[in-house]
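Subject: Structure for you to look through

Dear colleague,

Please find below the structure that I promised to pass on, and read the notes after it with the sequence and the 3D view open beside you.

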Amino acid sequence: MSVEITLRVPTAEDGSGVHHLIGRCPPLDTNSMYCNLLQCAHFAETSVAAVMGNELVGFISGYIIPGREDTLFIWQVAVGEKARGQGLAGKMLAHIVDRERCASVRFMETTITEDNEASWALFTGFAQRREAEMSRSVMFDRERHFGGDHASELLVRIGPFGGLAAVRAAG
């Protein structure tokens with residue numbers, strides 16, 4: 001018997017759990033716990049927590065890019081070992097995009113390193129399900145931005161796609 005996973009808006013009380021979850025999800029970069037608290041508090045409406053029983057098993061942090069109300073930037077996607085293999089990350093992306101707060105969102109952006117196969121599969125699948133174009137370009141270069149200490153981060157842009165507003169207009 002499997003335990004149901006609930007998707008919800010995170011709260012500041014989730015910050016510590018998010019910090020520990022991300023720490024258990026290599027190759028994700030860990031941020032300070034304070035950063036995770038801010039993600040859960042200030043960016044709650046554009047982030048999602050996945051809970052199985054009383055355990056946080058998934059988290060996506062995102063935000064509307066300032067001055068670009070039509071673009072949601074996805075910062076990090078974390079799925080704990082217990083919840084893998086169920087399509088949870090894709091469900092969490094859809095959960096955020098389909099919220100009232102994201103009614104004007106037509107584009108999703110994120111950055112992915114060239115070798116992160118799981119992230120490429122996740123975002124390619126999201127683009128296909130939304131019947132949207134997907135492009136990529138270098139956003140942060142290994143040498144120019146990271147001083148050689150981190151792989152280049154490729155900007156992935158998906159869209160335009162229909163969100164809640166498009167569904168309402170069609171209905």
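Leu-37 lies in helix H2, which covers residues 33-42; here helices (H or I, at least four residues) and strands (E, at least two) are DSSP runs, numbered from the N terminus. Before going further, please keep in mind that this is a predicted model, in which local features need pLDDT of at least 70 and side-chain atom pairs count only at pLDDT 80 or more, while totals for chains, interfaces and linings use all residues. Residues are numbered from 1 along each chain as its sequence is written, and side-chain values use heavy atoms, with hydrogens and water left out.

Leu-37 is partly exposed, at a relative accessible area of 32%, where buried means under 20% relative accessible area, exposed means over 50%, and partly exposed is in between (1.4 Å probe, protein chains only). Together with Met-33 and Tyr-34, Leu-37 forms a nonpolar patch on the surface, and the three share about 290 Å² of accessible area. Such areas come from the Shrake-Rupley method with a 1.4 Å probe, and for residues only the protein chains shown count as cover. A patch is made of residues with over 30% relative accessible area and no salt bridge, like charges being joined within 9 Å and nonpolar side chains (Val, Leu, Ile, Met, Phe, Trp, Tyr) within 5 Å.

Turning to the strands, you will find an open sheet of seven, in the order E1-E2-E3-E4-E5-E7-E6 and with mixed pairing; two strands pair if DSSP finds at least two bridges between them. Its edge strands, each pairing on one side only, are E1 (5-8) and E6 (134-140). Inside the sheet, strand E4 (residues 71-79) and strand E5 (residues 107-113) run parallel and are joined by three bridges, and Leu-72 stands opposite Met-108 in E5.

The last topic is charge pairing. Side chains of opposite charge can pair when their charged atoms come close. A search of the whole structure finds seven salt bridges, a salt bridge being a side-chain nitrogen of Lys or Arg within 4 Å of a carboxyl oxygen of Asp or Glu.

One of them joins Lys-82 to Glu-55, with the closest N and O atoms 2.7 Å apart. Lys-82 lies in the loop between E4 and helix H3 (88-97), whereas Glu-55 lies in strand E3 (residues 55-64), so this pair ties together parts that are 27 residues apart in sequence. Lys-82 is exposed, with a relative accessible area of 56%, while Glu-55, at 29%, counts as partly exposed.

Another salt bridge is formed by Arg-68 and Glu-109, whose closest N and O atoms are 2.6 Å apart. This pair links distant parts of the chain, since Arg-68 is in the loop between E3 and E4 and Glu-109 is in strand E5, 41 residues apart. Glu-109 is buried at 5% relative accessibility, whereas Arg-68 is partly exposed at 31%. Both belong to a network of salt bridges that also links Arg-157.

In a further salt bridge, the side chains of Glu-114 and Arg-136 meet at 3.2 Å, N to O. Glu-114 lies in the loop between E5 and helix H4 (117-129) and Arg-136 in strand E6, so the pair ties together parts that are 22 residues apart in sequence.
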